[in-house]
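Visitor: I would like to learn how to read a few features of a structure, one after another. Could we take each general idea and then turn to the case at hand?

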Amino acid sequence: MIVSGSTSQSLAAALAAELGEPLGAVEQTAFPDGESKFALAPPANKSFADVDRAVIVASTTTAEAHLEVLQLQDAAREADINEVVTVLPYMGYGRQDRAFEAGEPVTARAIAQALSAGTDRILTVTPHEPDVCEFFDPPATAVDAEALLAEPLQTTPDPTLADPLFLSPDAGAIEIAETVRDAYGAGAVDHFEKTRNSGTDVSIEPGGADVADRDVVVVDDIVATGSTMSESIGVLQDRGVDRVFVACVHPLLARDARSKLARAGVEAIVATDTIERTVSTVSAAPAIAEEL
């Protein structure tokens with residue numbers, strides 16, 4: 001049985017279709033004091049006795065989403081379902097994976113420990129820091145979904161990218177750019193170089209690659225506010241780039257990020273449905289299904 005959290009309804013439906021498993025129902029109750037309750041109902045024409053496994057699919061993009069997952073896990077246990085698997089397409093707080101000074105929390109660890117108590121297994125898609133999987137008590141797997149981003153790039157309005165260059169925002173993310181390039185089947189790979197000139201002045205250069213008259217795909221795992229990426233794209237425009245595409249696994253696109261990228265001249269954004277946005281043109285369901 002696939003159980004959809006509020007944040008991942010399309011992805012949960014796609015995963016149910018991919019696996020040929022039914023979708024369970026989630027019933028939400030809101031109380032006057034602000035509390036919520038999320039209860040499970042079995043799939044149509046079935047009872048909980050017919051359900052051997054509950055796969056809870058929910059991106060934890062908000063604190064409320066974390067609480068919802070905890071309740072869904074507990075509801076599955078109360079229904080005596082044999083195995084509970086928790087899929088976090090996007091793990092909120094995953095970037096807070098270390099404390100930089102005494103007194104700071106390692107929030108990713110605290111979240112992982114809370115989620116560990118109610119599940120037998122964890123899957124999370126392309127975490128920003130893969131080591132966060134070590135914070136969970138049950139087995140935790142990082143699902144790689146980067147290669148899926150090549151599919152919509154192969155079916156753009158003009159499906160042939162001109163001498164494509166796949167650029168990552170820094171050297172640390174170049175493997176993601178390489179994965180997308182390899183799945184696309186052509187092109188070069190490079191990364192932006194960031195030089196700190198002062199405490200507030202940082203210059204960005206697109207490595208050693210020539211971008212003039214080329215189609216460039218800027219690849220990252222997450223696009224949050226879009227500020228750094230739009231600045232980087234401005235540098236590409238100054239250097240005579242042809243078209244610029246943005247490819248990311250997790251399209252957080254907080255605040256006015258979408259508008260920033262449009263003003264920067266981005267041709268299109270392609271992303272997965274780990275966070276469900278209008279740019280989520282490809283589903284992570286096949287990659288998740290392989291691990292289930």
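Visitor: Are Phe 166 and Tyr 184 buried or exposed?

Guide: This is a predicted model, and in it Phe 166 is buried, as is Tyr 184. These residues also form the 1 aromatic pair that a search of the whole structure finds. Their ring centres lie 5.8 Å apart and their planes meet at 55 degrees, so the pair is tilted. The pair links distant parts of the chain, since Phe 166 belongs to strand E8 (residues 165-168) and Tyr 184 to helix H5 (residues 174-184), 18 residues apart.

Visitor: Which residues of H5 are buried, and how are they arranged around its axis?

Guide: The general idea is that an α-helix has 3.6 residues a turn, so residues three or four places apart point the same way. In H5, the buried residues are Ile 176, Ala 177, Val 180 and Tyr 184. Viewed down the axis of H5, they fall within an arc of 100 degrees, so they line one face of the helix. That buried set packs against H4, E8, strand E9 (188-191) and strand E12 (216-222), whereas Glu 175 and Asp 182, on the other side of H5, are exposed. Just after H5, Gly 185 takes a positive phi of about 100 degrees.

Visitor: How do helix H2 and helix H3 pack?

Guide: Two packed helices are described by the angle between their axes and the distance between the axes. Here helix H2 (residues 63-78) and helix H3 (residues 107-116) pack at an angle of about 20 degrees, with their axes 10 Å apart. The angle makes H2 roughly parallel to H3, for which the cut-off is under 35 degrees. From H2, the contact draws on His 66, Val 69, Leu 70 and Gln 73, and from H3 on Ile 111, Ala 114 and Leu 115. Sorted by class, the contact of H2 with H3 has 5 nonpolar residues, 2 polar ones and no charged ones.

Visitor: Which residues of H3 are buried, and what do they pack against?

Guide: In H3, Thr 107, Ala 108, Ile 111, Ala 112, Leu 115 and Ser 116 are buried. They cover an arc of only 170 degrees around the axis, which puts them on the same side of H3. Their packing partners are H2 and strand E5 (83-88).

Visitor: What are Gln 73 and Leu 72 in contact with, leaving aside neighbours within four places in sequence?

Guide: Gln 73, in helix H2, counts as buried at 2% relative accessibility, and with those neighbours left aside it is in contact with Ile 56, Thr 86, Leu 115, Gly 118 and Thr 119. Leu 72 also lies in helix H2 and counts as buried at 0% relative accessibility. On the same terms, Leu 72 is in contact with Val 3, Ser 4, Gly 5, Val 26, Phe 38, Leu 40 and Ile 56. The C-alpha atoms of Leu 72 and Val 3 are separated by 8.2 Å, although these residues are 69 residues apart along the chain.

Visitor: Where do Thr 126 and Asp 163 lie, and what is the phi of each?

Guide: Most residues other than glycine have a negative phi. Thr 126, though not a glycine, has a positive phi of about 40 degrees; Thr 126 sits in the loop between strand E6 (121-125) and strand E7 (140-143) and is buried, with a relative accessible area of 5%. Asp 163 has a positive phi near 45 degrees, again in a residue other than glycine, and is found in the loop between helix H4 (150-153) and E8.

Terms used
Residues are numbered from 1 along each chain as its sequence is written. This is a predicted model: local features need pLDDT of at least 70, side-chain atom pairs count only at pLDDT 80 or more; totals for chains, interfaces and linings use all residues. Side-chain values use heavy atoms; hydrogens and water are left out. Rings of Phe, Tyr and Trp (its six-membered ring) pair if their centres lie within 6.5 Å; planes under 30 degrees apart count as stacked, over 60 as edge-to-face and the rest as tilted. Helices (H or I, at least four residues) and strands (E, at least two) are DSSP runs, numbered from the N terminus. Buried means under 20% relative accessible area, exposed over 50%, partly exposed in between (1.4 Å probe, protein chains only). Axes are lines fitted to C-alpha atoms, for helices over the stretch in contact, and angles run from 0 to 180 degrees between N-to-C directions. Angles under 35 degrees count as roughly parallel, over 145 as roughly antiparallel, 65 to 115 as roughly perpendicular and the rest as oblique. Contact means heavy atoms within 4.5 Å. Ala, Val, Leu, Ile, Met, Phe, Trp, Tyr, Cys and Pro count as nonpolar, Asp, Glu, Lys and Arg as charged, and the others, Gly among them, as polar. The arc is that of the directions from the helix axis to the C-beta atoms.
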